[in-house]
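Open the model in your viewer and keep the selection panel at hand. Each stop below says what to select and what is there.

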Amino acid sequence: MISNIVVTDDGTENSDKAIEKASEIANQMDVPLILLHVIDDIGIPASLILGNDRAAIEVARLTIGQAIEKGWHQRANTIIEKLKKEKNITSVRSHCIWGVASEEILKFIEENKIDIVVMGTGKRLKGISKIGALGSVTRKVSELSNCPVLIVH
C-alpha cells in the first residue's frame, strides 16, 4: 500500500511533468506528496584554492547555494499552492537538502519510509550518447532505491 510519495524537482520541464504525474497519483490515492530538491555541493576547483583566499571562496560558495535554496523554496511554494488549488491535493510539502543528489535522494527515501518516488529524466538519447546517461541521478536512484521509482519522460 502506498502511504506517501516523493517527487524530485530540479526545476526543469521534465520535473514539471514528474510533479504533474505524482500529483495525479497522490490525488487518486489520497496520500501525502513531498517535493524534494537537492542542491549539489558546489565544489571548489583546485586552481582556485592555490593562490586565492579560501575563506572568501567558501563564503561565495555558500552565498550562491543559499540563493539557489531561496529560489527553490519560492518555486516550491508556488507549486504547492497550485497543487492545492487546482489538483485538490490536501497534503503536500517541500523539502530541500544539500549534497550529492543521488545519495541524498536515496537517504531521504530510506529515512522517511517513502513508498514510491517519481522522477523526471533528461532527453531520450540515441546511440553512443546513451553511455553518458548511465551516471544520471535518475538512473542511480532507480537502480539503488528500495522502493519503486516511476520515471517520467
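The tour goes from confidence to the sheet, then to the helices and a cavity.

**Stop 1: confidence**

This is a predicted model. Colour the chain by pLDDT. The average is 87, and 84% of the residues score at least 70. Now select residues 130–133, helix α5: here confidence is lowest, at a mean of 51. Switch to β1, where confidence is highest, at 98.

**Stop 2: the sheet**

Show the strands. Five of them, in the order β3-β2-β1-β4-β5, make up an open sheet with parallel pairing. Which strands form the edges? Select 92–98 for β3 and 149–152 for β5; each of these edge strands pairs on one side only. Turn the view to follow the twist, which averages 25° from one strand to the next.

**Stop 3: β1 beside β4**

Select residues 5–8 and residues 116–120. These are β1 and β4, paired in the parallel sense over 3 bridges. Pick out Val 6. Opposite Val 6 stands Val 117, in β4.

**Stop 4: helices on the sheet**

Next, select residues 101–111, helix α4. Helix α4 lies across β1, β2, β3 and β4. Relative to β2, helix α4 runs at about 150°.

**Stop 5: the cavity**

How many cavities of 30 Å³ or more does a search of the whole structure find? The search finds 1. The volume of the largest cavity is about 30 Å³.

The lining of the largest cavity has 3 nonpolar, 4 polar and 1 charged residues.

How values were computed:
Residues are numbered from 1 along each chain as its sequence is written. This is a predicted model: local features need pLDDT of at least 70, side-chain atom pairs count only at pLDDT 80 or more; totals for chains, interfaces and linings use all residues. Side-chain values use heavy atoms; hydrogens and water are left out. Two strands pair if DSSP finds at least two bridges between them. Helices (H or I, at least four residues) and strands (E, at least two) are DSSP runs, numbered from the N terminus. Axes are lines fitted to C-alpha atoms, for helices over the stretch in contact, and angles run from 0 to 180 degrees between N-to-C directions. Contact means heavy atoms within 4.5 Å. On a 1 Å grid over the protein atoms alone, a cavity is a set of points where a 1.4 Å probe fits but cannot get out, and a pocket is an open set with protein on both sides within 12 Å along at least five of seven lines; lining residues have an atom within 4 Å of a point. Grid points are joined across faces, edges and corners, and a volume is the space filled by probe spheres set on the points. Ala, Val, Leu, Ile, Met, Phe, Trp, Tyr, Cys and Pro count as nonpolar, Asp, Glu, Lys and Arg as charged, and the others, Gly among them, as polar. pLDDT is the predictor's confidence in each residue, from 0 to 100.
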